[in-house]
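Please look through the structure shown below.

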Amino acid sequence: MTTAQMDKYSEIYKEQVDILEERFNKLLVNEEPASLYDPCKYIITSGGKRLRPYMVLLSSKAAGGNFEDAYNAAVAVELLHNFTLVHDDIMDKADKRRGRETVHIKFGLNPAILAGDNLVAVAYRNLLKDCRINTAEIMDSFTTGLIEVCEGQSYDTDFETQENVTIDQYKLMIQKKTAAMVEMCCAVGGYLANADEKIIKALKTFGLNLGMAFQIQDDLLDILADEAKFGKVVGGDLVEGKKTYIFLKALEFAEGDDKKLLLEVVKNKGIDKSMVPMYRNLYIKLGVIEDARSLMNDYNDIALKALDVLPDTEAKENLIWLANMLIKRSK
(Lines give C-alpha, C1' and ligand atoms only; values in the text may rest on other atoms or scores of the structure.)
Protein backbone atom coordinates (compact mmCIF):
# COMPACT_ATOMS: atom_id res chain seq x y z
CA MET A 1 0.00 0.00 0.00
CA THR A 2 1.48 3.34 -1.03
CA THR A 3 1.93 6.33 1.25
CA ALA A 4 -0.69 8.22 -0.78
CA GLN A 5 -3.22 5.41 -0.24
CA MET A 6 -2.48 5.27 3.50
CA ASP A 7 -2.93 9.03 3.76
CA LYS A 8 -6.20 8.77 1.84
CA TYR A 9 -7.62 6.07 4.14
CA SER A 10 -6.45 7.96 7.19
CA GLU A 11 -8.34 11.01 5.93
CA ILE A 12 -11.51 8.97 5.31
CA TYR A 13 -11.27 7.65 8.86
CA LYS A 14 -10.91 11.16 10.29
CA GLU A 15 -13.85 12.42 8.22
CA GLN A 16 -16.11 9.62 9.40
CA VAL A 17 -15.07 10.05 13.02
CA ASP A 18 -16.02 13.74 12.76
CA ILE A 19 -19.45 12.74 11.43
CA LEU A 20 -19.86 10.24 14.27
CA GLU A 21 -18.79 12.82 16.87
CA GLU A 22 -21.44 15.20 15.58
CA ARG A 23 -24.06 12.49 16.00
CA PHE A 24 -22.87 11.70 19.54
CA ASN A 25 -22.99 15.38 20.49
CA LYS A 26 -26.61 15.64 19.29
CA LEU A 27 -27.80 12.27 20.54
CA LEU A 28 -29.23 12.94 24.01
CA VAL A 29 -29.78 16.70 23.89
CA ASN A 30 -32.82 17.89 25.92
CA GLU A 31 -33.48 14.40 27.35
CA GLU A 32 -34.72 14.33 30.94
CA PRO A 33 -34.07 13.70 33.77
CA ALA A 34 -30.64 15.30 33.83
CA SER A 35 -29.59 12.95 36.64
CA LEU A 36 -29.78 10.11 34.10
CA TYR A 37 -28.76 11.80 30.86
CA ASP A 38 -25.89 14.01 32.06
CA PRO A 39 -23.77 10.95 32.95
CA CYS A 40 -24.76 9.33 29.63
CA LYS A 41 -23.74 12.41 27.64
CA TYR A 42 -20.53 12.71 29.65
CA ILE A 43 -19.31 9.25 28.66
CA ILE A 44 -20.41 9.25 25.01
CA THR A 45 -18.82 12.65 24.33
CA SER A 46 -15.54 11.79 26.07
CA GLY A 47 -13.77 10.96 22.82
CA GLY A 48 -11.89 7.81 21.97
CA LYS A 49 -10.80 6.31 18.66
CA ARG A 50 -14.37 5.33 17.59
CA LEU A 51 -12.90 2.23 15.99
CA ARG A 52 -15.91 -0.01 16.56
CA PRO A 53 -18.46 2.25 14.84
CA TYR A 54 -15.99 2.83 12.01
CA MET A 55 -15.73 -0.92 11.52
CA VAL A 56 -19.51 -1.13 11.15
CA LEU A 57 -19.38 1.55 8.45
CA LEU A 58 -16.42 0.04 6.60
CA SER A 59 -17.75 -3.52 6.78
CA SER A 60 -21.09 -2.39 5.38
CA LYS A 61 -19.44 -0.58 2.50
CA ALA A 62 -17.01 -3.42 1.78
CA ALA A 63 -19.99 -5.80 1.63
CA GLY A 64 -21.75 -3.64 -0.98
CA GLY A 65 -23.64 -1.19 1.22
CA ASN A 66 -22.94 2.43 2.11
CA PHE A 67 -22.15 4.60 5.09
CA GLU A 68 -25.48 6.43 5.11
CA ASP A 69 -27.49 3.28 5.86
CA ALA A 70 -25.23 2.25 8.74
CA TYR A 71 -24.71 5.38 10.87
CA ASN A 72 -27.38 4.53 13.46
CA ALA A 73 -25.99 1.01 13.85
CA ALA A 74 -22.49 2.46 14.15
CA VAL A 75 -23.68 4.77 16.92
CA ALA A 76 -25.36 1.79 18.59
CA VAL A 77 -22.17 -0.28 18.86
CA GLU A 78 -20.28 2.67 20.34
CA LEU A 79 -23.04 3.16 22.92
CA LEU A 80 -22.77 -0.52 23.79
CA HIS A 81 -18.99 -0.22 24.08
CA ASN A 82 -19.35 2.79 26.37
CA PHE A 83 -21.79 0.86 28.56
CA THR A 84 -19.06 -1.75 29.09
CA LEU A 85 -16.54 0.98 29.96
CA VAL A 86 -18.82 2.54 32.59
CA HIS A 87 -19.42 -0.78 34.32
CA ASP A 88 -15.80 -1.96 33.92
CA ASP A 89 -14.58 1.23 35.60
CA ILE A 90 -16.96 0.61 38.50
CA MET A 91 -15.76 -2.98 38.89
CA ASP A 92 -12.10 -1.94 38.59
CA LYS A 93 -12.57 1.04 40.94
CA ALA A 94 -10.92 3.18 38.26
CA ASP A 95 -10.62 6.94 38.86
CA LYS A 96 -9.76 8.07 35.32
CA ARG A 97 -10.86 7.23 31.78
CA ARG A 98 -9.40 9.05 28.75
CA GLY A 99 -7.81 11.59 31.05
CA ARG A 100 -11.09 12.53 32.78
CA GLU A 101 -12.85 11.40 35.93
CA THR A 102 -14.74 8.16 35.42
CA VAL A 103 -18.52 8.41 35.47
CA HIS A 104 -18.97 6.90 38.92
CA ILE A 105 -16.39 9.28 40.41
CA LYS A 106 -17.93 12.37 38.82
CA PHE A 107 -21.62 11.55 39.27
CA GLY A 108 -21.72 8.84 41.94
CA LEU A 109 -22.05 5.06 41.87
CA ASN A 110 -25.82 4.72 41.47
CA PRO A 111 -26.15 7.28 38.64
CA ALA A 112 -23.25 5.56 36.84
CA ILE A 113 -24.87 2.12 37.06
CA LEU A 114 -28.16 3.51 35.80
CA ALA A 115 -26.44 5.46 33.01
CA GLY A 116 -24.70 2.29 31.85
CA ASP A 117 -28.00 0.41 31.80
CA ASN A 118 -29.63 3.23 29.87
CA LEU A 119 -26.87 3.26 27.25
CA VAL A 120 -27.75 -0.34 26.38
CA ALA A 121 -31.39 0.60 25.81
CA VAL A 122 -30.48 3.67 23.74
CA ALA A 123 -28.09 1.49 21.75
CA TYR A 124 -30.89 -0.90 20.79
CA ARG A 125 -33.17 2.01 19.89
CA ASN A 126 -30.55 3.36 17.49
CA LEU A 127 -29.76 -0.05 16.05
CA LEU A 128 -33.41 -0.62 15.16
CA LYS A 129 -33.44 2.56 13.05
CA ASP A 130 -31.16 0.86 10.52
CA CYS A 131 -32.85 -2.56 10.62
CA ARG A 132 -34.57 -2.36 7.24
CA ILE A 133 -33.45 -5.88 6.29
CA ASN A 134 -32.02 -8.89 8.16
CA THR A 135 -33.44 -7.56 11.41
CA ALA A 136 -33.33 -10.91 13.23
CA GLU A 137 -29.71 -11.52 12.19
CA ILE A 138 -28.61 -8.01 13.17
CA MET A 139 -30.34 -8.17 16.54
CA ASP A 140 -28.96 -11.64 17.24
CA SER A 141 -25.40 -10.57 16.38
CA PHE A 142 -25.68 -7.45 18.53
CA THR A 143 -27.15 -9.33 21.49
CA THR A 144 -24.63 -12.16 21.23
CA GLY A 145 -21.83 -9.58 21.25
CA LEU A 146 -23.24 -8.07 24.44
CA ILE A 147 -23.56 -11.46 26.14
CA GLU A 148 -20.02 -12.44 25.19
CA VAL A 149 -18.57 -9.19 26.52
CA CYS A 150 -20.28 -9.84 29.86
CA GLU A 151 -18.97 -13.42 29.88
CA GLY A 152 -15.46 -12.17 29.08
CA GLN A 153 -15.58 -9.60 31.85
CA SER A 154 -16.70 -12.30 34.27
CA TYR A 155 -13.79 -14.54 33.27
CA ASP A 156 -11.43 -11.58 33.71
CA THR A 157 -12.80 -11.00 37.20
CA ASP A 158 -12.46 -14.70 38.03
CA PHE A 159 -8.79 -14.57 37.03
CA GLU A 160 -8.10 -12.03 39.79
CA THR A 161 -8.55 -14.71 42.44
CA GLN A 162 -7.63 -17.75 40.32
CA GLU A 163 -3.98 -18.63 40.94
CA ASN A 164 -3.52 -20.87 37.90
CA VAL A 165 -4.71 -19.44 34.60
CA THR A 166 -3.77 -21.17 31.35
CA ILE A 167 -2.92 -19.52 28.03
CA ASP A 168 -6.03 -21.10 26.50
CA GLN A 169 -8.22 -19.68 29.28
CA TYR A 170 -6.72 -16.25 28.69
CA LYS A 171 -7.35 -16.48 24.95
CA LEU A 172 -10.97 -17.44 25.57
CA MET A 173 -11.36 -14.47 27.91
CA ILE A 174 -10.02 -11.91 25.40
CA GLN A 175 -11.98 -13.55 22.60
CA LYS A 176 -15.17 -12.82 24.53
CA LYS A 177 -14.24 -9.55 26.21
CA THR A 178 -12.57 -7.83 23.24
CA ALA A 179 -12.68 -9.79 19.98
CA ALA A 180 -16.38 -10.71 20.06
CA MET A 181 -17.36 -7.03 19.94
CA VAL A 182 -15.17 -6.42 16.89
CA GLU A 183 -16.59 -9.55 15.24
CA MET A 184 -20.10 -8.27 15.94
CA CYS A 185 -19.36 -4.86 14.38
CA CYS A 186 -18.22 -6.51 11.17
CA ALA A 187 -21.17 -8.92 11.08
CA VAL A 188 -23.70 -6.13 11.62
CA GLY A 189 -22.11 -4.13 8.81
CA GLY A 190 -22.40 -7.12 6.49
CA TYR A 191 -26.03 -7.79 7.37
CA LEU A 192 -26.92 -4.12 6.85
CA ALA A 193 -25.53 -4.46 3.30
CA ASN A 194 -27.56 -7.65 2.77
CA ALA A 195 -24.36 -9.57 2.01
CA ASP A 196 -24.42 -13.31 1.38
CA GLU A 197 -23.28 -15.79 4.03
CA LYS A 198 -19.81 -16.20 2.50
CA ILE A 199 -19.15 -12.48 2.90
CA ILE A 200 -20.66 -12.41 6.40
CA LYS A 201 -18.43 -15.32 7.46
CA ALA A 202 -15.36 -13.59 6.03
CA LEU A 203 -16.17 -10.34 7.84
CA LYS A 204 -16.73 -12.18 11.13
CA THR A 205 -13.42 -14.04 10.76
CA PHE A 206 -11.71 -10.74 10.00
CA GLY A 207 -13.25 -9.04 13.04
CA LEU A 208 -12.62 -11.87 15.49
CA ASN A 209 -8.95 -12.24 14.60
CA LEU A 210 -8.36 -8.51 14.38
CA GLY A 211 -9.87 -8.21 17.87
CA MET A 212 -7.48 -10.86 19.18
CA ALA A 213 -4.51 -9.09 17.57
CA PHE A 214 -5.72 -5.77 19.02
CA GLN A 215 -5.79 -7.15 22.57
CA ILE A 216 -2.34 -8.76 22.32
CA GLN A 217 -1.07 -5.41 21.04
CA ASP A 218 -2.73 -3.77 24.06
CA ASP A 219 -0.84 -6.17 26.35
CA LEU A 220 2.40 -5.23 24.60
CA LEU A 221 1.74 -1.50 24.79
CA ASP A 222 1.04 -1.79 28.51
CA ILE A 223 4.63 -2.81 29.14
CA LEU A 224 6.48 -1.12 26.25
CA ALA A 225 4.65 2.13 25.42
CA ASP A 226 5.76 5.69 25.96
CA GLU A 227 3.60 6.72 28.92
CA ALA A 228 3.02 10.23 27.54
CA LYS A 229 1.60 8.79 24.30
CA PHE A 230 -0.12 5.81 25.93
CA GLY A 231 -2.31 8.01 28.12
CA LYS A 232 -2.21 5.69 31.12
CA VAL A 233 0.32 4.12 33.47
CA VAL A 234 2.80 1.87 31.65
CA GLY A 235 3.05 -1.44 33.45
CA GLY A 236 -0.45 -1.03 34.85
CA ASP A 237 -1.25 -4.68 34.21
CA LEU A 238 1.64 -5.75 36.41
CA VAL A 239 0.82 -3.17 39.08
CA GLU A 240 -2.73 -4.54 39.20
CA GLY A 241 -1.58 -8.15 39.07
CA LYS A 242 -3.38 -8.92 35.80
CA LYS A 243 -2.61 -12.26 34.17
CA THR A 244 -2.00 -11.15 30.58
CA TYR A 245 -0.71 -13.29 27.72
CA ILE A 246 2.80 -11.88 28.24
CA PHE A 247 2.78 -12.62 31.96
CA LEU A 248 1.41 -16.14 31.52
CA LYS A 249 3.92 -16.91 28.78
CA ALA A 250 6.75 -15.61 30.98
CA LEU A 251 5.55 -17.87 33.79
CA GLU A 252 5.60 -20.79 31.34
CA PHE A 253 9.18 -20.07 30.20
CA ALA A 254 10.74 -18.99 33.51
CA GLU A 255 12.78 -21.14 35.88
CA GLY A 256 14.41 -20.72 39.27
CA ASP A 257 14.62 -17.17 40.61
CA ASP A 258 12.88 -15.75 37.53
CA LYS A 259 9.86 -17.93 38.21
CA LYS A 260 9.84 -16.92 41.90
CA LEU A 261 9.86 -13.27 40.84
CA LEU A 262 6.82 -13.81 38.62
CA LEU A 263 4.98 -15.79 41.27
CA GLU A 264 5.40 -12.81 43.62
CA VAL A 265 3.05 -10.88 41.30
CA VAL A 266 0.38 -13.53 41.82
CA LYS A 267 1.01 -13.85 45.56
CA ASN A 268 0.91 -10.08 46.19
CA LYS A 269 -1.80 -9.37 43.57
CA GLY A 270 0.47 -6.89 41.83
CA ILE A 271 3.74 -4.98 42.21
CA ASP A 272 4.94 -1.48 43.00
CA LYS A 273 5.23 0.75 39.94
CA SER A 274 8.96 1.18 40.59
CA MET A 275 9.48 -2.52 39.83
CA VAL A 276 7.97 -2.35 36.32
CA PRO A 277 11.33 -1.81 34.51
CA MET A 278 12.77 -4.91 36.21
CA TYR A 279 9.84 -7.05 35.02
CA ARG A 280 10.03 -5.53 31.53
CA ASN A 281 13.67 -6.61 31.33
CA LEU A 282 12.69 -10.08 32.53
CA TYR A 283 10.06 -10.31 29.78
CA ILE A 284 12.69 -9.33 27.20
CA LYS A 285 15.18 -11.85 28.63
CA LEU A 286 12.60 -14.66 28.44
CA GLY A 287 11.66 -13.79 24.85
CA VAL A 288 7.96 -13.31 25.56
CA ILE A 289 7.80 -9.86 23.96
CA GLU A 290 8.77 -11.33 20.59
CA ASP A 291 6.50 -14.32 21.22
CA ALA A 292 3.54 -11.96 21.77
CA ARG A 293 4.41 -9.94 18.66
CA SER A 294 4.51 -13.15 16.62
CA LEU A 295 1.09 -14.22 17.94
CA MET A 296 -0.35 -10.77 17.22
CA ASN A 297 0.94 -10.92 13.65
CA ASP A 298 -0.47 -14.43 13.21
CA TYR A 299 -3.94 -13.22 14.21
CA ASN A 300 -3.62 -10.21 11.94
CA ASP A 301 -2.56 -12.41 9.01
CA ILE A 302 -5.64 -14.62 9.49
CA ALA A 303 -7.82 -11.50 9.61
CA LEU A 304 -6.39 -10.11 6.38
CA LYS A 305 -6.55 -13.46 4.60
CA ALA A 306 -10.27 -13.67 5.36
CA LEU A 307 -10.84 -10.55 3.26
CA ASP A 308 -9.70 -12.34 0.09
CA VAL A 309 -13.30 -13.36 -0.69
CA LEU A 310 -14.51 -9.74 -0.65
CA PRO A 311 -14.68 -7.76 -3.91
CA ASP A 312 -11.62 -5.58 -4.56
CA THR A 313 -12.94 -2.16 -3.56
CA GLU A 314 -11.67 0.95 -1.81
CA ALA A 315 -13.59 -0.10 1.31
CA LYS A 316 -11.79 -3.45 1.38
CA GLU A 317 -8.44 -1.67 1.06
CA ASN A 318 -9.53 0.61 3.87
CA LEU A 319 -10.21 -2.43 6.10
CA ILE A 320 -6.70 -3.69 5.33
CA TRP A 321 -5.27 -0.25 6.16
CA LEU A 322 -7.21 -0.20 9.44
CA ALA A 323 -5.98 -3.65 10.50
CA ASN A 324 -2.35 -2.75 9.81
CA MET A 325 -2.73 0.62 11.50
CA LEU A 326 -4.10 -0.98 14.68
CA ILE A 327 -1.18 -3.34 15.20
CA LYS A 328 1.33 -0.53 14.66
CA ARG A 329 -0.31 1.93 17.05
CA SER A 330 1.52 3.51 19.98
CA LYS A 331 -1.51 4.13 22.19
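**Helix contacts and cavities**

In α3, the residues R52, P53, V56 and L57 meet Y71, A73, A74, V77, E78 and H81 of α4. Contact here means heavy atoms within 4.5 Å. Helices (H or I, at least four residues) and strands (E, at least two) are DSSP runs, numbered from the N terminus. By class, this contact of α3 with α4 has seven nonpolar, one polar and two charged residues. Ala, Val, Leu, Ile, Met, Phe, Trp, Tyr, Cys and Pro count as nonpolar, Asp, Glu, Lys and Arg as charged, and the others, Gly among them, as polar.

This is a predicted model, in which local features need pLDDT of at least 70 and side-chain atom pairs count only at pLDDT 80 or more, while totals for chains, interfaces and linings use all residues. Residues are numbered from 1 along each chain as its sequence is written, and side-chain values use heavy atoms, with hydrogens and water left out.

Two packed helices are described by the angle between their axes and the distance between the axes. The axes are lines fitted to C-alpha atoms, for helices over the stretch in contact, and angles run from 0 to 180 degrees between N-to-C directions. For α3 and α4 (residues 71–92), the axes come within 8 Å and cross at roughly 150°. That makes α3 roughly antiparallel to α4; angles under 35 degrees count as roughly parallel, over 145 as roughly antiparallel, 65 to 115 as roughly perpendicular and the rest as oblique. The crossing of these two helices, α3 and α4, is right-handed. A crossing is left-handed if the near helix is turned anticlockwise from the far one by less than a right angle, and right-handed if clockwise.

Helix α4 also packs against α1 (residues 3–27), at an angle of about 70° and with the axes 11 Å apart. The helices α1 and α4 are therefore roughly perpendicular to each other. On the α1 side the contact is made by Q16, I19, L20, R23, F24 and L27, and on the α4 side by Y71, N72, A74, V75, E78 and L79. Eight of these residues are nonpolar, two polar and two charged.

Helix α3 has a further partner in α16 (residues 314–326): their axes come within 8 Å and cross at roughly 150°. That makes α3 roughly antiparallel to α16, and the crossing of α3 and α16 is left-handed. From α3, the contact takes in L51, Y54, M55, L58, S59, K61 and A62; from α16, it takes in A315, K316, N318, L319, W321, L322, M325 and L326. These divide into 11 nonpolar, two polar and two charged residues.

How many cavities of 30 Å³ or more does the structure hold? There are three. A cavity is a set of points, on a 1 Å grid over the protein atoms alone, where a 1.4 Å probe fits but cannot get out; lining residues have an atom within 4 Å of a point. Grid points are joined across faces, edges and corners, and a volume is the space filled by probe spheres set on the points.

The largest cavity holds about 70 Å³ of space. Its lining consists of D219, D222, I223, D237, L238, K242, T244, I246, F247 and Y283. Helix α9 (197–224) gives the most to this lining, with three residues. By class, the lining of the largest cavity has five nonpolar, one polar and four charged residues.

The second largest cavity has a volume of about 60 Å³. L51, R52, M55, T178, V182, L210, G211, F214 and L326 line this second cavity, and α3 (51–62), α8 (167–192) and α9 each supply at least two residues of the lining.

Two backbone details remain. Most residues other than glycine have a negative phi, and most peptide bonds are trans. The peptide bond from E32 to P33 is cis, with omega near 5°, and P33 lies in the loop between α1 and α2 (34–44). N194, in the loop between α8 and α9, has a positive phi near 60°.

Conventions:
On a 1 Å grid over the protein atoms alone, a cavity is a set of points where a 1.4 Å probe fits but cannot get out, and a pocket is an open set with protein on both sides within 12 Å along at least five of seven lines; lining residues have an atom within 4 Å of a point.
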